[in-house]
Each structure stands twice: as C-alpha cells, then as structure tokens.
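Student: I have a model open and would like to understand the words used to describe it. Could we go through them together?

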Amino acid sequence: MLWVMAALLPALAAGVAVFGWRALYVTLVCMLSCVVFEYASCRLLHHENSVGDASAALTGMLLGMNLPVTAPTWMCVVGSLLAIGLGKMCYGGLGGNPFNPALVGRVALFLACPKEMSFWVAPNGCALGTWVCSTLTGATPLAVLKTSATPHAAAASQGLGDLLPLFLGNIGGSLGETSALALLIGGAVLIALRIIRWQVPLVYIATVAVITGIAFLCKPLANVTLASYVGHQVLGGGLFLGAFFMATDMVTTPLSRKGAVVFALGCGVITSVIRLWGAFPEGVSFSILIMNTLTPLIDRCTAGRPFGVARTTDVEVKA
Amino acid sequence: MTTKANKFYGGVHPHEGKLSRRDAILAAPLQPLYTVPLQMHIGAPAKAVVAKGDKVLRGQVLGEAGGFVSAPVHSPTSGTVREVTTCLGVNGAQLPALVIESDGEDTECEPMPAIADWENADPKTLLKRIADAGIVGMGGAAFPTAVKLSPPPGREVDTLILNGVECEPCLTADHRLMLESPHQVVSGALIVGRILGVKRIVIAIEANKQDAIGLMREAVSGTPVDVMELRVRYPQGAEKQLIYAVTGRVVPSGKLPMDVRCVVMNVASAAACGDAVCNGRPLYERITTVTGTPLVNPRNYKFRIGTLYSTALELCGGVKEGVEVAKVISGGPMMGFSVYSLDIPVMKNTSGILLLSDEELRQFSPSACIRCGHCNDACPMELQPGILSVQIEHQKFDLAEKWHVMDCIECGCCAYICPAGRPLVQHMRRAKAVVIAARKAASAAAQGAKK
C-alpha cells in the first residue's frame, strides 16, 4: 500500500504543478476523511482497527486524484464516506469488497453531482505556488472528442491540438489523471517492484487504442490524423490512472495472470464503447467497476487445472 | 547421456542457510540409553520380539514387521531392554518404543550374509534383504522401501530417480552423504534398479551442490546411471515435481509415481539398501543434520536410531549464550514439524533437527487475503491457495475439495510467499484431514449399506 501511494506521488506532484496547491488540499482531505471513516466503521462494527494497513489512506488518495481540483470540501468528505462505507466496510473491510472503493466514491459523486464533477479547470497560465491556477472552465480533451464525434460538430475537431501537453498533463481533467508521464513513472516503479502486472496497463491501453483507432478509420474526422485521435484517446482522460492504479487493484481484480489480462481487455472494450457511443465522455471508472463485478467469474474460468489434473491427457507417458 | 531438465511451475527460493555443508559427517559417540520407537514408518507398527530384561546385540531384530506395509526395527547397540514403553513422536503422538540400555561394548550380532554378487543375484533375494533390513524412505515420508519396490503384478517401472536434490533449506545430510560415500549411493542405485528392472537410473541433484554433482559423476562412470543437475528451486525435490523435471511425465492427480512408471527414492535410502545388500547391515543409524544459528556447532552426525534430540543438541555444543531458541523443528524449515519436547528420538526419517532463534522467527498475525495472487504464482501444483484458504476459513470443505485441495503437496510455498502472513499451508492440511475423514466415513457407510 505504501509503495502504491509512493508511486502516486509523481502524479500528485504533477497535479499540484498544473492545478495549484488546492490539488494537494483535495487529496489530503479525502485521505484524512477515508482514514477517519475507516476508523469509525471499525469501531462501529467491532472490528479490529485496520487503519494501520494504509489501505484507507490509499483509497482516499486515489479518490482525491479522481476529483476535479475545484471539488468542494464537503464533496471530498461525502465521497470518502461513500468509498469507505459503501465501497469497502459494508463488505467486511479489506479483501471483501468486490468494487474498487475509490471508484465507488468517484462514480457516486459523479452521478449525484454531475455539474461539480465536470467543472474542469483549464490549467492555462498556472504559476507554481498558486492556490487554484485558473477559474476558467475548459473542456477536457475527451469532451472535445465527444462533440467531434457527432458529424455536426466536426469543426470542433480543430480543437485537437498538440499531444505533448496531454503527455505532460498540462490539460483539464481530474487533478491526478492528467499527466501521463507522471503516472507512467509511478506505474513503472510498481511494475519493477512486481506489485502490479505489466500486462494489465499494456492490454488495457492497447485495447482502447486499437478500438478507438478502428472507430476513427471507419468514420474519420476532418483535420484530424489517426495518430492524433488515438493519442488523445489514450492520453486524455483517466486511462493511465485507471490502467496503472485501479485496474491493477489486487482485491477487486482476478488472481491469475490470464484472468488479469481478460480483465484488462474487458476494461479496454467497455471504456472505448462508453467513450465512442455512451452518454459520458469518459468511461474508465465505469469500465473498471463493471469488470469488477465479473472478477469472480473470470477467476473461476481462468483457474486452470492443477498440475497432474489437466495435462495428463496431453502429456503422453512415453517410454 | 545428459538431457535437459524440465521446469515445474511456480516454486520459491528461500534462503538456503546450509550452515553445515562443509562439515564432514561425524559418528555420534555411544550413548547410555536409546529410545527406539517401533513405529518409524507408515503402516503397521513393528511387533516387539524382545521383552524387558532381554540381552540384545547391535543389529539384532527388536521388532518384526507388523504387516505387509510395515518394517522391522533393529537394535542400535548391544545391551539390555530396560523398558517396553512409549515415546513421543514428532507429531505429538505416543509411539510404542523400547528403551535399550547400552552395555558399552557395542557388540554386533551375526550380520546377515553379504550378497557380494548382487549383480547376478535374484531380485527377489535382494528385495527380501531390503525388507529384512528395515529400510524405509529416509527423506521424510518413511514409507517402507520394500513395499515401494514391489509394484503390483502387471505394473512396469522403467525409471528410478534417486532424490539427491535436498531442496529443503538448512539440511545438508544428503549432500554430505553424496560427497563422502558416492560409491555406496551408486551401488544402492544399481541394486534397486536391478530389483525394479528399470531401463534408466537418474541421480538428481540441485545445481547448488556442484561438488556433489562432480563426485557423483565420477562415481557413476562406467555404470548405466545418470547424474542430472537440476535448477535451484524449492520444491525441486518434491516427488511429482522431480519426476516432471527428470522425465517430463506428469503424475496424474491422486495417482502414484508408479502410474507414470517411475520410482523415486531418497539417496540416503538407496545408500542404506547398498549397505544392507553388500554388508548385510540393517538400518539402525542414519545421517542427520543438526543445525540452526543458535547452535554452537551445527554438524552432520551419524546417529544411532533412538538418540534423543536433547543428546543431539548437546553433541553440537548446545545453544550459544544469550540466544533465545524460539523453535525446534524436526526436518527442514519448509516442511518440518515444530516439536515441543526434546525427548523425541532420532528416527529413520529424521533428516534434520533445526533450531530457530527468537530473532529469526517471525510471528505473523494473519490479515485478510487481498488477493494479490502471489500464492497462485508460487504453488508448484498450480492450485489457488488464496481462494482455498478463504473457503476453508468458511468451513466449505466440499468446495475446497472441488478446487483440488487434495492435490496439495504441503510444500509450504504459499505460506512462505503470502504477504498477509496467512497460514495457507496449515489451512490446506486442515482441509485435507477433513476431506480424508469424510471419505473414510462415506466408504464405511457404503460398506455398511452393502451388508
């Protein structure tokens, strides 16, 4: 848990650099509330205090990084309550929850307060040390794509710009999701430490790239190249955050390597479907939650057979 | 002939901790008393053929085999039967035992005639000798060797694998045996090979014992025996994994090595077979590693069967001053059993006595399974220890049976690797015991219904 939090630090730092100090404030409020709610639930349920395993703090950190920098304090607190209470403790605590708690909090907030949750601050003109960089709302890259996908708004596609700001994170979005570079650094650390499987982010991101790429080829937009379109799909939105830090959550994803790949593939398909044809511009959270429900089934189907059970038929005992 | 070994799935590589690998085998001095259990093997206990007060000689039969699956027990020295009693076994059960009071003479009884010309001897004669010598699997299982070497009619065995892997950390007894008596191991291998009529004999050794591999290669030159170097990976010496590594054959679930025409035997058992045939000597002593950082002198000792653990530890200089011994383990750290008393005698299958200090022993308070999947990656039987452990915690033993808990070989890789400190292998053992009991009850009920 501590390593995962450490791996999230570059992305959080990027969030602060892009959106100002309030990014840190939002994240800390979420972390603190999650820890407090976890402690309270443990007392209430007569469980042993599980705050020490740091999973609540991690949930808070992930939730905070999934919120817009403008999220009011009460929203952070309510989101944390939903994440810890509804997402985790009501299933008996760590290890029992079928859904990623941070995503439960985020999606609940997103459905309850769509306006506040889509109030994206444009990072223009941000100087280090400011509280909130800019109060202008800017469309996220994915929202631009969403509107571009309708034939009427093809003109909006001119808004598709350079990919570099997307990679570095100097764009609108949730405070921790914008910098693909920072997330990549953290993800690489987790992969190097073998805390997460490299197959998951790779398959997830590749699936999104392939499906959106095919969709683009079927219905190209004016003034947009394939590379630019796919680049925006991959680098915009919460794909990197989801692929490296949430689709790899151990509790809520399949046990085996094979299962994890199936899970990542499913997340990629659902994310693409929501982004291309769904009502929302972003589908990462929903896709991971939907695949979470399939985890037990994937586990059962990919369990494989033990040594000596399956292979007796194909390993012929030769003299 | 060298063939490449296959790699089994999973496994772990624990700290080897083989402190005594360079210590030559020492003969333990004669003790005044020996506690010789009559049940040191799987199967029926031996029936005592001596009574309290009888004079016995070294190598004399104390108890004869109590059934087909059983083994005789021989006196470790000359002296008097002081008591017919019970003693504590490794698993805490009381075992029938004889206490032999040494007369200090160590006179050997008339040995069984040596079968010098074993290369041409009738395999049945050789087999009878192995049975009479009371040889059992010395790697740990203690299954009577003569029974293992008597395949049911119609069953063919073509490969004999001698297990010199010694993948268990800390233990060095087999390693030292191969270094110091390589020819005895080879002649044992050839004798057993003759009994079974196999085409291929392989001595399998883990790559961390290069000196033993070299010596064994020299010793087998001119014989049809192969030496195979295996990668260092626990549990390389587990029967099913070893057969797969050496032959590529997979022992089907619930079946025996014989079902893939293999017999696996520990090198120490093979050496004992060689000794019994060539010198007529029954099994009344064995090499045991006494080790652990708390000991002043970790050593490999040749103990007479019946030497108490307490004596063994004294011979190694006892415990260092200022070191707290937290655990005494019979066997190695991965598969051994923690014992609560030092009044347990060295038996035919005691490969090691291991002491762990307070500092080395980490006590875990297990937390919830967070499904990290490390145990799946480590389980050499490709089971799902994490899922099984949750099922077992909820007492869903029928479900655990469906998820193949009975294929668990109890190697302990899962519990070793678990970051939540969950006692996974202990869960498996519990479930296996419950399932076996349920199966027994079911078959008893079926028998009752027939009547």
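Tutor: Gladly! Let us start with two helices of chain A: helix 10 (residues 199–218) and helix 13 (residues 257–277) pack at an angle of about 35 degrees, and their axes are 8 Å apart. Keep in mind that this is a predicted model.

Student: Why are an angle and a distance given for such a pair?

Tutor: Because two packed helices are described by the angle between their axes and the distance between the axes.

Student: What is the hand of the crossing of helix 10 of chain A and helix 13 of chain A?

Tutor: That crossing is right-handed. On the helix 10 side of the contact you will find, among others, A:Val203, A:Thr207 and A:Ile211, and on the helix 13 side A:Ala260, A:Ala264 and A:Gly268 are among the residues involved. By class, the contact has 13 nonpolar, six polar and two charged residues.

Student: Let us move to single residues. Why is A:Asn170 called partly exposed?

Tutor: A:Asn170 has 18 C-beta neighbours inside 10 Å. A buried residue needs 20 or more and an exposed one has 12 or fewer, so A:Asn170, with 18, counts as partly exposed. You will find A:Asn170 in the loop between helix 8 (164–168) and helix 9 (180–192) of chain A. A:Ala17 is 153 residues away from A:Asn170 in sequence, while their C-alpha atoms are 8.8 Å apart.

Student: Which residues does B:Leu342 touch, not counting residues up to four places away in sequence?

Tutor: They are B:Leu308, B:Tyr309, B:Ser310, B:Leu313 and B:Val328. Contact here requires C-beta atoms within 7 Å. As for B:Val319, 23 residues from B:Leu342 along the chain, 13 Å separate the two C-alpha atoms.

Student: Now a sheet in chain B. What makes strand 2 and strand 4 of chain B edge strands?

Tutor: The sheet is open, with four strands in the order 2-8-7-4 and antiparallel pairing. Strand 2 (33–37) and strand 4 (55–56) each have a single partner strand, so one side of each is left without a neighbour in the sheet.

Student: How do you know that strand 4 of chain B pairs with strand 7 of chain B?

Tutor: Two bridges join strand 4 to strand 7 (residues 79–88), and the strands run antiparallel. Pairing takes at least two bridges, so this pair qualifies. For B:Lys55, the bridge partner in strand 7 is B:Thr80.

Student: Finally, how is chain A divided into domains?

Tutor: Chain A has domain 1 (21–117) and domain 2 (141–300), with 23 Å between their centres, taken over C-alpha atoms. In their contact, 18 residues of domain 1 meet 18 residues of domain 2.

Student: Which elements give two or more residues to the domain 1 side?

Tutor: Helix 2 (22–44), helix 3 (55–65) and helix 5 (101–112) of chain A do. Helix 5 supplies the largest share, four residues. That side divides into 13 nonpolar, four polar and one charged.

Conventions: Residues numbered from 1 in each chain as written. Chains lettered and ligands numbered in written order. Predicted model: local features only at pLDDT ≥ 70, side-chain atom pairs only at ≥ 80, totals over all residues. Domains from an automatic or database assignment. Contact = placed C-beta atoms within 7 Å. Nonpolar A, V, L, I, M, F, W, Y, C, P; charged D, E, K, R; others polar. Axes fitted to C-alpha atoms, helices over the stretch in contact; angles between N-to-C directions. Left-handed = near helix turned anticlockwise from the far one by under 90°.
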